[in-house]
Amino acid sequence: MSVTNTQVGIIGAGPAGLVLSHILARAGIDAVVLEDRSREHVEHRVRAGVLEQGTVDLLDEMGLSARLRAEGLVHHGILIGLDGRRYRIPLSDLTGGRAITVYGQQELVKDLVAARLAGGGAIEFEVQEVGLSGLDTKRPAIRYRKGGRACELRCDFVAGCDGFHGVSRGSIAPGVLRVYERRYPFAWLGILAAVAPSTDELIYARHERGFALHSLRSPTVSRLYIQVDPSAALADWPDNRVWQELQLRLGTNDGWTLTEGPVLEKSIALHHSFVIEPMQHGRLFLAGDAAHIVPPTGAKGLNLAVADVRLLARAITRWYRTGQAEELERYSERCLNRVWRVQEFSSWMSGLLHRLPDSDPFDDRIARARLGWICRSEAEARS
């Protein structure tokens with residue numbers, strides 16, 4: 001068996017694991033990232049694409065934002081569609097200049113991987129049979145196979161950044177974690193289309209036929225979604241039917257039109273809220289989707305993962321520099337304060353914009369009144 005020693009073992013080469021590896025490297029802390037997929041797979045896996053100001057600021061600080069700044073689409077507001085009218089929420093005006101940047105997660109991962117490898121960082125792709133041991137000891141181990149060879153990574157801390165279906169959370173003994181979960185009665189059918197966006201800013205629309213979202217990926221590629229039943233199948237939704245629904249739900253009374261184009265990808269995503277408590281056990285610390293899932297309506301998932309690892313990196317750095325473990329011991333508590341606030345926001349926004357199958361006309365009018373008030377009240381919009 002090949003044995004390697006490091007300070008922090010990171011499982012997962014998504015945004016959470018990669019950002020953590022960069023922050024630790026800047027602090028002079030050694031880390032090895034283990035990923036069960038190939039580099040090509042993680043660099044082309046289409047996921048979220050909305051980065052909040054705090055995430056962009058961190059990437060700026062670490063010198064990792066050159067391509068993001070050159071190619072990302074900065075938005076200073078969002079558009080709300082209601083009753084055939086369009087209302088703008090001026091995000092930057094209401095938040096002291098803060099903005100959001102649209103930049104595909106796969107593009108961010110490409111940047112993070114390239115920079116980490118160029119800096120001499122260790123990322124092991126295509127590892128198999130990953131298993132954790134000794135989490136309650138001072139020197140836990142991660143065992144895996146690479147190219148048919150048995151390997152062991154010994155470290156001081158393990159960061160589980162391997163997503164909802166990863167091995168990290170499952171390595172914690174039964175009875176330790178509390179699980180909080182909700183499944184929503186709607187799904188999103190999303191398309192990636194080879195057509196220039198018909199909008200300069202994201203459009204969120206509430207319509208009697210269901211929610212719709214017009215997002216952007218680049219000056220030549222659009223990302224669009226419609227609300228569908230969770231039992232829907234892609235075969236039931238040929239391209240022309242999807243475009244027809246998008247035209248109806250995003251349409252306005254002032255003659256605005258949605259430009260159609262070839263559909264490059266099509267998928268259906270169920271909506272799910274999930275939180276585990278605590279987010280740590282022994283020397284294992286969970287971050288990102290390994291610990292929590294939020295519905296995509298508020299575009300919070302990637303940003304929440306980055307917030308997790310920022311706290312974790314600071315706690316680990318303090319431990320190495322001072323020997324103090326207080327921040328490590330409070331990692332879960334501090335993360336969960338933000339996680340539950342984000343869950344509340346994402347659940348609220350989902351309920352506000354979607355037409356729920358069990359809602360009656362009264363519920364519908366209440367939701368529309370609330371959304372209308374957000375569009376007309378500066379105080380409500382700021383909140």
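Trainee: Which order do the strands of the open sheet of four strands have?

Mentor: The order is β1-β12-β11-β10, and the pairing is mixed. Strands here are DSSP runs of E with at least two residues, helices are runs of H or I with at least four, and both are numbered from the N terminus. Two strands pair if DSSP finds at least two bridges between them. Before we go on, please note that this is a predicted model, where local features need pLDDT of at least 70, side-chain atom pairs count only at pLDDT 80 or more, and totals for chains, interfaces and linings use all residues. Residues are numbered from 1 along each chain as its sequence is written, and side-chain values use heavy atoms, with hydrogens and water left out.

Trainee: Which strands stand at the edges of that sheet?

Mentor: Those are β1 (2-5) and β10 (128-133); each has a single partner strand, so one side of each has no neighbour in the sheet. On average, neighbouring strands of this sheet are turned by 20 degrees against each other, direction ignored. β10 runs antiparallel to β11 (residues 141-146), joined by four bridges, and G131 stands opposite R143 in β11.

Trainee: What does β14 pair with?

Mentor: In a regular strand, side chains alternate between the two faces of the sheet. Here, β14 (residues 178-193) pairs with β18 (residues 263-277) in the antiparallel sense over 13 bridges, and E181 stands opposite F274 in β18. β14 also pairs with β17 (residues 221-228), again antiparallel, over seven bridges. There, I191 has L224 as its bridge partner.

Trainee: Now helices. How do α3 and α8 pack?

Mentor: Two packed helices are described by the angle between their axes and the distance between the axes. For α3 and α8 the angle is about 50 degrees and the axes are 9 Å apart. Axes are lines fitted to C-alpha atoms, for helices over the stretch in contact, and angles run from 0 to 180 degrees between N-to-C directions. The two helices are therefore oblique to each other (under 35 degrees is roughly parallel, over 145 roughly antiparallel, 65 to 115 roughly perpendicular, and the rest oblique).

Trainee: Which residues of α3 and α8 meet?

Mentor: G54, T55, L58 and E61 in α3 meet L302, N303, V306 and R310 in α8, where contact means heavy atoms within 4.5 Å.

Trainee: Which residues of α3 are buried?

Mentor: In α3 (residues 53-61), they are Q53, T55, V56, L58 and L59. Buried means under 20% relative accessible area, exposed over 50%, and partly exposed in between, with a 1.4 Å probe and protein chains only. Their cover includes α1 (15-26), α6 (105-118) and α8 (301-322).

Trainee: Is N337 buried or exposed?

Mentor: N337, in helix α10 (residues 331-353), counts as exposed because its relative accessibility is 54%.
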